Amino acid sequence: MAFIDEASITVIAGKGGDGGLSFRREKFIPKGGPDGGDGGDGGDVILYATDSLNTLVNYRHTKTLRASSGRNGGKRNRSGARGNDLLVPVPLGTIVCDNNTRETLGDLTKIDQRLTVAKGGEHGVGNARFKTSTNRTPYQTTRGAQGEKRSLTLELQILADVGLLGLPNAGKSTLICTTTAAKPKIAPYPFTTQHPHLGIVCGEREFVIADIPGIIAGAAQGVGLGHRFLRHISRTKLLWHLVDISAQSEYPSNKAIQIVHHELAEYDKSLAERERWLVLNKADLCEDVEEIQKSIRAFHDISAPIFTISALSGAGTELLIRETQQWLHHNEKKWGQ
Ligand SMILES: Nc1nc2c(ncn2[C@@H]2O[C@H](COP(=O)(O)OP(=O)(O)OP(=O)(O)O)[C@@H](O)[C@H]2O)c(=O)[nH]1
Ligand SMILES: [Mg+2]
């Protein structure tokens, strides 16, 4: 299924049913009073978050979503039925914005969380309600109100604990393959990954990793796939910055780190300041791993942990996962989760 992380839709709630106009007409009751019932309220349009969707592709073509209208009030004081609500599933992490007011209406981050985006019109009142001591045959009714109509932008920012960051070919997808059940495509050419994937690391403290396309120098100016996919790691708590330290890499490690850091800062300064661990990958292809580590520490002012792994063989990944679990556990206490 195509990955779409932005969609514009129009939502129209149902119209309220009109009030009924009617008089009791029965044998032997020649002048029965008014008995027109009230209409039913229009249905609401309600978005809800589900983990069975991971794209907004359904809303690329379906642009207008309508809830049903309330039925009109009937004879014999029968009220019209309420219009059915329209329940619209969206992926977890969908942010909903009103296109006219630019206001953010909600952020659907929990399974089954609901957000009413268009309220159904109120019902009209039947003539039975207008009967008074002086007006026994009212012909008055009110019409049901129109349902709300709104133009919305849906933006998906996927939810994950850990975001994978790095140049193309750094081994991000390989790492998510060895540590989770996710199976994204892996290949020795850049931009193998075209859109984000999620993987769940099982264990005592489960956590979710987001693999995104590689970023390259000039991404902020739109080079490569640009930096638009960085939005999908903007809500992560921790970044694993993967660096290919083998001779296969296009750049020496220090330069590779610098490029990614620069592009990250261009995209969002606060994201560049987020907890970020360097994960030196493809150690199986290197003999002088310690030298590389030393040179990285000397070149960059890095206080965060540095890990050395082989995403391919899995060597070193256990420690990375254990430390991550502990870090998340420790910080969640701090964040009060
Ligand atoms: N020898 C060795 N090769 C690795 C390792 N990790 C990844 N590779 C290889 O490096 C190439 C790129 O790996 P990917 O996992 O596709 O890299 P990526 O960072 O996801 O790349 P993009 O999706 O293009 O951004 C593949 O041929 C992998 O087999 C490793 O630890 N050791
Ligand atoms: Mg990849």
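Predicted model: local features only at pLDDT ≥ 70, side-chain atom pairs only at ≥ 80, totals over all residues.
Q: How far apart in helix H5 are Lys294 and Glu291?
A: Three residues, so about one helical turn separates Lys294 and Glu291 in helix H5 (residues 289-299). Helices here are DSSP runs of H or I with at least four residues, strands are E runs of at least two, and both are numbered from the N terminus.

Q: What do the side chains of Lys294 and Glu291 do?
A: They meet in a salt bridge, 3.8 Å from N to O. The term means a side-chain nitrogen of Lys or Arg within 4 Å of a carboxyl oxygen of Asp or Glu.

Q: Which residues do salt bridges with shared partners join into one network?
A: Asp5, Glu6, Glu155, Arg228 and Arg231.

Q: How many salt bridges does the count come to?
A: 18.

Q: Which side chain does Asp107 meet in a salt bridge?
A: That of Arg235, at 2.6 Å from N to O. The pair links distant parts of the chain, 128 residues apart. Asp107 is in strand S6 (residues 104-108), and Arg235 is in the loop between strand S11 (207-211) and strand S12 (238-244). Both ends are partly exposed: Asp107 has 29% relative accessible area, and Arg235 has 22%.

Q: And what does Glu332 pair with?
A: Lys237, in a salt bridge of 3.8 Å, N to O. Glu332 sits in helix H6 (residues 317-335), Lys237 in the loop between S11 and S12, 95 residues apart. Glu332 is buried, at 12% relative accessible area.

Q: New topic. What coordinates the magnesium ion?
A: Ser173 (OG) and Thr193 (OG1) coordinate ligand 2, at 2.0 to 2.1 Å. Ser173 belongs to helix H2 (residues 172-179), Thr193 to the loop between H2 and strand S10 (197-201), 20 residues apart. Donors are N, O and S atoms within 2.8 Å of the metal (3.2 Å for Na, K and Ca); water is not among the atoms, so the site may look incomplete.

Q: Is that Ser173 buried or exposed?
A: Buried, and Thr193 is too.

Q: How many aromatic pairs are there?
A: Four. Rings of Phe, Tyr and Trp (its six-membered ring) pair if their centres lie within 6.5 Å; planes under 30 degrees apart count as stacked, over 60 as edge-to-face and the rest as tilted. Among the pairs is Phe207 with Trp240: centres 6.2 Å apart, planes at 80°, so edge-to-face. Phe207 lies in strand S11 and Trp240 in strand S12, 33 residues apart. Both are buried.

Q: What about the rings of Trp277 and Trp327?
A: Their centres are 6.2 Å apart and their planes at 80°, so the pair is edge-to-face. Trp277 is in strand S13 and Trp327 in helix H6, so parts 50 residues apart in sequence are tied together. Trp277 is buried at 2% relative accessible area, and Trp327 is buried at 17%.

Q: Which residues make up the aromatic cluster with these two?
A: Trp277, Trp327 and Phe307 form one cluster.

Q: How far is Gln293 from that Phe307?
A: Their C-alpha atoms are separated by 9.1 Å, and they are 14 residues apart along the chain. Gln293 is in helix H5 and partly exposed, at 27%. Leaving aside neighbours within four places in sequence, Gln293 is in contact (heavy atoms within 4.5 Å) with Leu280 and Thr308.

Q: What do the buried residues of H3 pack against?
A: Strand S9 (162-166), S12, helix H4 (269-272), strand S13 (276-281) and H5. Those buried residues include Ile257, Ile259, Val260 and Leu264.

Q: Last one: how is the chain divided into domains?
A: Domain 1 covers 6-156 and domain 2 covers 162-335; the bounds come from an automatic or database domain assignment. Their centres, taken over C-alpha atoms, are 48 Å apart.

Methods
Residues numbered from 1 in each chain as written. Chains lettered and ligands numbered in written order. Heavy atoms only, no water. Buried < 20%, exposed > 50% of the residue type's maximum accessible area, 1.4 Å probe, protein only.
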